[in-house]
Amino acid sequence: MDLSDCQLAGADLAGASFAGARLAGINLQGADLRGADLSVADLTGACLDQADLTGARLEGTLLNGASLEGACLRNSLANGAQLVDAKAKQADFTEAEVLCQPHSIVRHPDMPRAVFKLLWDVVESKREIFAYV
């Protein structure tokens, strides 16, 4: 399936399957993609700003150069997803301010340091962690 450069901003695509689809340059700004299967899809240069990807499958998905500003990726499965040059600004940092900096730069002051360290220790060991923060 090739939906490259389509305009689907604000579309209700919850539960849809786009597994292996070519979606390069697609506009999905504000789309509802809850539970959608986007595994191994090509979303290179796609606009997913403000999209709801809660529970979406993104394993092996190409998101190179995609824009994910304000997107919700809660409970999404993204093992092996490629996000080279993806824009996912959630905080008031520029790319230059966060490159080569420790992960703790984004730790909220109310979050205990020990919990933050545990989170990253588990992630770096390639294990999954499920926790409310």
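Biologist: Is R57 buried, partly exposed or exposed?
Modeller: Keep in mind that this is a predicted model. The side chain of R57 meets that of E59 in a salt bridge, at 3.2 Å from N to O. Buried means under 20% relative accessible area and exposed means over 50%. R57 has 38% relative accessibility, so R57 counts as partly exposed.

Biologist: How many salt bridges does the structure hold?
Modeller: Side chains of opposite charge can pair when their charged atoms come close. R34 and D52 both lie in the segment before α1, so the pair ties together parts that are 18 residues apart in sequence. Counted over the structure, the number of salt bridges is six.

Biologist: Which residue is linked with D2 and R22 in a network of salt bridges?
Modeller: Start from R22, which is partly exposed at a relative accessible area of 40%. Its side chain meets a partner in a salt bridge of 3.1 Å, N to O. That pair links distant parts of the chain, 20 residues apart, with both residues in the segment before α1. The residue linked with D2 and R22 is D42.

Biologist: Is D42 buried or exposed?
Modeller: D42 touches A21, R22, L23, A24 and L62, leaving out residues up to four places away in sequence. Its side chain also makes a polar contact of 2.5 Å with the side chain of T44. The relative accessible area of D42 is 17%, and the limit for this class is under 20%, so D42 is buried.

Biologist: How far apart in space are C47 and A66, C-alpha to C-alpha?
Modeller: C47 is found in the segment before α1. Beyond its neighbours within four places in sequence, C47 is in contact with I26, N27, L28, Q29 and S67. C47 and A66 are 19 residues apart in sequence, and in space their C-alpha distance is 5.9 Å.

Biologist: What is the phi of V40?
Modeller: Most residues other than glycine have a negative phi. V40, in the segment before α1, is exposed, with a relative accessible area of 57%. Its phi is positive although V40 is a residue other than glycine, with a value near 60 degrees.

Biologist: And which residue with a positive phi follows α2?
Modeller: Let us look at the helix itself before stepping past its end. The 12 residues of α2 should span 16 Å at 1.5 Å a residue, and its end C-alpha atoms are 16 Å apart, which agrees. After α2 comes a residue whose phi is near 65 degrees, and that residue is K126.

Biologist: Which residues make the nonpolar surface patch of about 220 Å²?
Modeller: One member, I129, lies in the segment after α2. A patch residue needs over 30% relative accessible area, and I129 has 31%, so I129 is partly exposed. The patch is made by L118, V123 and I129.

Biologist: To finish, what share of the contacts with a separation of 6 or more comes from residues 24 or more positions apart?
Modeller: The protein chain has two helices and zero strands. Buried residues make up 31% of its 133 residues. For residues 24 or more positions apart, the share of those contacts is 0%.

Definitions and conventions. Residues are numbered from 1 along each chain as its sequence is written. This is a predicted model: local features need pLDDT of at least 70, side-chain atom pairs count only at pLDDT 80 or more; totals for chains, interfaces and linings use all residues. Side-chain values use heavy atoms; hydrogens and water are left out. Patches are made of residues with over 30% relative accessible area and no salt bridge: like charges are joined within 9 Å, nonpolar side chains (Val, Leu, Ile, Met, Phe, Trp, Tyr) within 5 Å. Accessible areas come from the Shrake-Rupley method with a 1.4 Å probe; for residues, only the protein chains shown count as cover. A salt bridge is a side-chain nitrogen of Lys or Arg within 4 Å of a carboxyl oxygen of Asp or Glu. Helices (H or I, at least four residues) and strands (E, at least two) are DSSP runs, numbered from the N terminus. Buried means under 20% relative accessible area, exposed over 50%, partly exposed in between (1.4 Å probe, protein chains only). The expected span of a helix is 1.5 Å times one less than its number of residues. A polar contact is a pair of N or O atoms within 3.5 Å; within protein, one must be able to donate a hydrogen and the other to accept it, and residues adjacent in sequence count only if both atoms are side-chain atoms. Contact means heavy atoms within 4.5 Å.
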